[in-house]
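Here are some notes to read alongside the model. Take them in order, with the structure open next to you.

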Amino acid sequence: MTVSRALFDQVMVPNYSPSAVIPVKGEGSRVWDQQDNEYVDFAGGIAVNCLGHCHPALVSALKEQGEKLWHLSNVWANEPSLRLAEKLTKATFAEKVYFANSGAEANEAALKLARRWALDKFGAEKSQIISFNKGFHGRTFFTVTVGGQAAYSDGFGPKPGDIAHADYNDLASFEALISDNTCAVMLEPLQGEGGVVSPTKEFIQGVRELCDKHNALLIFDEVQTGVGRTGDLYAYQGLGVTPDILSTAKALGGGFPIGAMLTTTEIAKHLKVGTHGSTYGGNPLACAVAEAAFDTVNTTEVLEGVTAKEALFRELLAEINAEFNVFAEVRGKGLLLGLALNDEYKGRAKEFMTAGVEHGVMALVAGADVVRFTPSLVIPEADIREGMARFAKAVAQVVNG
Ligand SMILES: *Cc1c(COP(=O)(O)O)cnc(C)c1O
């Protein structure tokens, strides 16, 4: 049997449209396809591979746990999940952890917890959830409805109710919606899929104050920003605003599927025995790999390295833009960077991504107007320079047609 891109169209549900090449091997920030073409990886599996491909610490954690114990279910506790939970609580505001398998599931748990907390403490009236236009929180029906793009939740029948959307960075639009019937507010402390948009200080502090005023829980979706991506372990730590619940996934497992919801003891107590759960949540293999990723990322060396690498990316992007004049601005923080195309190139982000593949560099988009880079947090300087040289060729190709 020949495994080729054509086989995808034959046997896979057509909800994705993958690139024409099939990668088969990765090492650090380099990837090779079936034809042995080599790529510099600025995508990192959509902000997942925080330590690149096949990092030795993760490979060895996976092998070691793989020869000990794979799965138990939550009928029993397991050592890797307890160790990881303890580390997450020590490093953040949180005192309690719930493990899931993905970002959407971590958010689903956060939303269900918030609704139950509000029901227990204030009664059924307090059920409104506020989130923000262009926000992204996953693809379960609850999380996609809370997400800020109706196009992703339309067409699947009746939606979960009592969910309202304000505009990100527009405190007045939020203030107009919140009331004592608001149970929770969910937002990304830097919108990723929505175009790589940082919150203003005034906005994020204002949201926190209004949540306090109306006894609403503030949920930060750090699925994309978490685990060192912005140069802080979690983005909230760099903003000086602490949420009540935080969700984390993507980089948490460095490429092994895992998600987690973090919160305080006071709030967590409302998810009593039997109220929520997951067969795979807290799986020993996932938690062992995540623990190794966490130990490796949560060091001054790696976190400060993120900020230094951001500076190099910005410097090289400025050089490309001086030559080709395609970006209006470079947005984002740390190694979550969005190149917002100027008016002349608006709507054409995907062309830059496709040209990148032809020239040996993997990039992402965040909507039609923004090219996104979310590389490994430990990408070597030489790979950044090589990848940017290739990206410059891709830009030239789009510009010159
Ligand atoms: C990717 C993402 C999700 C969804 O995570 P999955 O693992 O795909 O379910 C949720 N929120 C944010 C901010 C994300 O970037």
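**Notes on the model**

1. Helices here are DSSP runs of H or I with at least four residues, strands are runs of E with at least two, and both are numbered from the N terminus. Before going further, note that this is a predicted model, where local features need pLDDT of at least 70 and side-chain atom pairs count only at pLDDT 80 or more, while totals for chains, interfaces and linings use all residues. Residues are numbered from 1 along each chain as its sequence is written.

2. Is Leu-285 buried or exposed? Leu-285 is buried, because 22 other C-beta atoms lie within 10 Å (buried takes 20 or more such atoms within 10 Å, exposed 12 or fewer, partly exposed in between, with C-beta atoms placed from the backbone). Leaving out residues up to four places away in sequence, Leu-285 touches Leu-62, Gln-65, Gly-66, Trp-70 and Phe-256; contact here has C-beta atoms, placed from the backbone, within 7 Å. Lys-63 sits 222 residues away along the chain, yet its C-alpha atom is 9.0 Å from that of Leu-285.

3. Now the sheet. Seven strands make an open sheet with mixed pairing, in the order E4-E10-E9-E8-E7-E5-E6 (strands pair if DSSP finds at least two bridges between them). At the edges are E4 (96–100) and E6 (163–166), each pairing on one side only.

4. Look at E8 (residues 217–221) and E9 (residues 245–248): they run parallel, joined by three bridges. Asp-221 stands opposite Ser-247 in E9. Helix H9 (residues 201–213) packs on the sheet and touches E7 (182–187) and E8, its direction making about 145° with that of E8. Axes are lines fitted to C-alpha atoms, for helices over the stretch in contact, with angles from 0 to 180 degrees between N-to-C directions.

5. Which residues come nearest to the ligand? Of the 15 around it, they are Ser-102, Gly-103, Ala-104, Val-223 and Gln-224 (near puts the C-beta atom, placed from the backbone, within 6 Å). Helix H5 (residues 103–122) gives the most to this shell, three residues.

6. Finally, the domains. Domain 1 covers 5–55 + 300–400 and domain 2 covers 57–297, with bounds from an automatic or database domain assignment. Their centres, taken over C-alpha atoms, are 26 Å apart. Domain 1 puts 28 residues into the contact and domain 2 puts in 27. On the domain 1 side, H13 has the largest share, five residues.

Notes
Contact = placed C-beta atoms within 7 Å.
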